[in-house]
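Here is a short briefing on one strand and the sheet around it. Keep the sequence and the 3D view open while you read.

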Amino acid sequence: MWPVIGQRKAVSLIEKSFGQSAAAHAYLLVGPRHVGKMTFAITMAQALNCSSATPPCGECPACQRIAGRNFSDVQVVGLQKAGGDETRPKTEISIEQVRELQHTASLAPFEGRCRVFILDQAELLSREAANALLKTIEEPPAGVVFILLTANEEALLPTVVSRCQRLELRPLPAGEVEQALLAKEIEPDRAKLLGRLARGLVGWALDAASDESLVSDSLTLRDRLIGVVRDGLMARLDYAAELAGIFGRDRQKASEILEIWRDWWRDLMLAKLGISESIINVDRLAEINEMASGMKLENIRKFIGDIERAEAELRQNASPRLVLEVLALNIPEVKNG
Ligand SMILES: [Zn+2]
């Protein structure tokens, strides 16, 4: 009934929560970037303000305006550019933004039943801002619901997390992503490729269906990686240094690159085991088979373990340069012929 693809567990929790006399005051949606947290939150806001007998109907004026992001009682709060200075993007959600939100929250809903504040990337709340928000969540005005979105739950204040009802959104199986794309009339070959490349992230797949650059970025990162596997020692170390630089600037991007690594070696392992139907990089099947034939299964397995270990060490704030150099040096050799 909910217009959300997959996520049955989160949907059933929410249906239960909304079915009770009063919804919770604050929800925390946890899941990787592009898994569909914002779509889910918008759907929750629709359900809370829908005027039909079976909310969210998606068709009443409230549902439509919330979907179009022009319903005054539903606000999205997130990173804003600093004072019109486009060259200096802000890095946190500020106390001023939370104060403004608190003021709006104290007013009765203007056109709906319920004021909904969606806090995108809630882990970026400054400490001051998070503490201010905490006070509001602890003693919320009537008819106000907060929905916090995060891909990095550990970075949130534990006291904030403990005041929220937690909902986890998980990546979907490739087949479900493919079905979602087919339902949007994407042609079958493209739906299959995007379904695999999306790594379970329906939001990414839907964006990529209309934005070719997302696909080409992802493929460029992957092809660079394939080149590094074939290159010598110096090229590997250069690549590790480059990746450490990316990590310093944009952790999320660096972890996406490591996911692409993991997928590539997982594909090599599947090819080695003869299970090609689960391979993600379906457009490079011939190269996967060729590379896999030049590697030992145990070395591929070991390297997948190395990647997972590197990811864990980076999460624990080990030196990125060191971790990535060790990883690059551990890439198994390809024996040709
Ligand atoms: Zn509706």
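Predicted model: local features only at pLDDT ≥ 70, side-chain atom pairs only at ≥ 80, totals over all residues.

The points below go from the strand itself to its two partners, then to the whole sheet.

**Burial of β1**
- Both faces of β1 are covered.
- On one side sit A26, L28 and V30, all buried.

**Pairing with β4**
- Strand β4 spans residues 144–150 and runs parallel to β1.
- The two strands share 5 bridges.
- A26 has F146 of β4 as its bridge partner.

**Pairing with β5**
- Strand β5 spans residues 165–168 and also pairs with β1 in the parallel sense.
- This pairing has 4 bridges.
- V30 has E168 of β5 as its bridge partner.
- L29 stands opposite L167 in β5.

**The sheet as a whole**
- The sheet is open and has 5 strands, in the order β2-β3-β4-β1-β5.
- The pairing in this sheet is parallel.
- β2 (74–77) and β5 stand at the edges, and each has a single partner strand, so one side of each lacks a neighbour in the sheet.
- On average, neighbouring strands of this sheet are turned by 20 degrees against each other, direction ignored.

**Background**
- Strands of a sheet pair through backbone hydrogen bonds, in either a parallel or an antiparallel way.

How values were computed:
Residues numbered from 1 in each chain as written. Buried ≥ 20, exposed ≤ 12 C-beta atoms within 10 Å, placed from the backbone. Pairing = 2+ DSSP bridges. Axes fitted to C-alpha atoms, helices over the stretch in contact; angles between N-to-C directions.
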